[in-house]
Amino acid sequence: MRLYLSSTLSDLEEERRAVKEVLSGQYTVVESYEADPRPLWQSCVADVATCTIYIGIVGLRYGFVPPGQDKSITELEFDAALAAGLPCFVFVREVDAIPASRTDLYTKQNDPALIEAFRARLSSGASGIPRAALFTTADDLKVKVLRALQRQPAPALDRPVGLPSPPAAAKPAAPETAPPPPSPSPPLTELQKLLKSYLQDNWAALHGHPAFLRANLFPDLDQAVPLSAERVFAMACDGPPIELLLGAREFFQARAARGVSPASSVSESDGIVCSAIVRCALVAAERYVRGKVDGGAHRDHDPVWSSDHLVACIEAAVRLGFGLCFSPGSPQPENVFRLVHPVPEPGVAGEEGAALSAAELLATIERREFQTGQDYDPDYLRAFIRRRASGLGTALVVSTDAAGRFESAERRAELLKDLREQFDLRTFFQRRGEDAMPPWARQMQDSLLHALGPVLDISLHKAAITEKDMAQRESERAAAPAVTNLTMTFNAPVGTLAQANAPGAQAAARDIVNGLQGAELLQVLAAVQRAIDACAAQPGDAAQRRLMEQELDEVRTVLQGEGRSASDAKLVKRCLDGVETSARALSNGRAIVETLAPVWAGLKQSWPAFLALFN
């Protein structure tokens, strides 16, 4: 099926690539780049007429206006599609989501009034003008393109251009009541593509392996019908997802009863079996989450509902379409990185004037402590991120809490836009407090953790362990006779052989605050906030008050989180130091300093990593 893709080029290159990626294998995308004796605009218009569907993407650049014409090639292509009677799907990027550098107002290539008039025409609702859909990012565009095309009836098969239609006599007579054309199958998700490729590539090892044949994944598996990779794939994509999840759980539970962990494989073929079943489980988890989540009502910067980080990653992957890469040793995706403090700090070297310092972003991706005083070339950082993503086989993703400064939807949208445009990083936001979860989201989360627990070696109630204990567990696992040198990549192209994920505590390398309870600390922080309100009430104190409130928000966000790392301890100390410094700058700030005293004492008593900062 031929589909014509129309847009201006330099400003919408990423969006064009996203559409071609999501339609790969479903449509033949026509773009009019071939050599042609005709002028460019004439060949473009002619190519439109050879297609069965038109997709137009419109930003804030009007595009090239050919000599002798009064419209750009982009608008001429749109007119040609209307004249040919093609189903037209137009997607207009929201003004607030377009960088200033990608507009005619900035480039001066055309009068901005031209693109404004074209956009107004597309949104006019006039007779014969298809209704346009608004989008913000390339990922948002992917979802909306798929949704629009899924409602499009399947047309007749393409006929080579230039060949006459078959004579009427050669056509079979239509029945009196013709059945409706079948609905087109929805495009495969990235997880489904991965599972399909993996089954096909490894079917020789899978179909004769007793462990795979005995796995009770599919309740309707009839051994009388020959088992094939295609049949297993169809059952994984169409069968009841809960049954498949429970089957995968039982498979890895049985292995655990024999003393074999999810990460351990006695042979390469055994690792292939584990990897295939984990992939089936991830496809089932994706389908299960998709049935619970209303993706159409979710904006990219809206927080996910799940408070558990693993489930939040799966939910965000379903909603936003990014990949997940798992490696032995941790049930958390290797390509997802948590930004602890994703905002600039005035007065700290390397952080002025940026939505996020390059030094902090690089430290986050390398999973190391952030050090001030460093500065990196954005081009260098972009290349680093691109190479890291290529090595993992899937895009890098950052997550941060939708709390404190990021309670604001505007601040979340700003960070998401900045990271996507500067570094091609996907971003999602998570609410850590379980109290904010609706009942259905809590049921979904607990059910997935129960099902995936034996699969990924996680536990709903597994205690956090210290960095020292984690190092000991790593050495013990290294001594085990198992195949553990393979990486599992989900929602990404298939690379080397892979196996099931290794054991690792969900809150690995986290300290337990086991002294003064977190709720009591939050109450003390509320007292600090009241002291700030009372002591910084004068107009001249506004700047100091704002800084103290921001620092206090960061401390509150960490204490409300699931676990606390050594990096979190440094962040909390730095924020409390900032509050105290700002308080001392006030003439009556002594009361604030005094209310901070039990916070310092409680954290030192109950948080080993925090106390270590004073030794």
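Mentor: Let's go through the salt bridges.

Mentor: Keep in mind that this is a predicted model, where local features need pLDDT of at least 70, side-chain atom pairs count only at pLDDT 80 or more, and totals for chains, interfaces and linings use all residues. Residues are numbered from 1 along each chain as its sequence is written, and side-chain values use heavy atoms, with hydrogens and water left out.

Trainee: How many salt bridges does the structure hold?

Mentor: There are 26, a salt bridge being a side-chain nitrogen of Lys or Arg within 4 Å of a carboxyl oxygen of Asp or Glu.

Trainee: Where do Arg-426 and Asp-139 sit in the chain?

Mentor: Arg-426 is in strand S9 (residues 426–430) and Asp-139 in helix H6 (residues 138–150), so the pair links distant parts of the chain, 287 residues apart. Helices (H or I, at least four residues) and strands (E, at least two) are DSSP runs, numbered from the N terminus. Their side chains meet in a salt bridge at 3.1 Å, N to O.

Trainee: Buried or exposed, those two?

Mentor: Both Arg-426 and Asp-139 are buried. Buried means under 20% relative accessible area, exposed over 50%, and partly exposed in between (1.4 Å probe, protein chains only).

Trainee: New topic: what about Asp-302 and Arg-299?

Mentor: Their side chains form a salt bridge too, 3.0 Å from N to O. Asp-302 is buried at 14% relative accessible area, while Arg-299 is partly exposed at 47%.

Trainee: And which residues do shared partners join into one network?

Mentor: Glu-14, Asp-139, Arg-420, Asp-424 and Arg-426.
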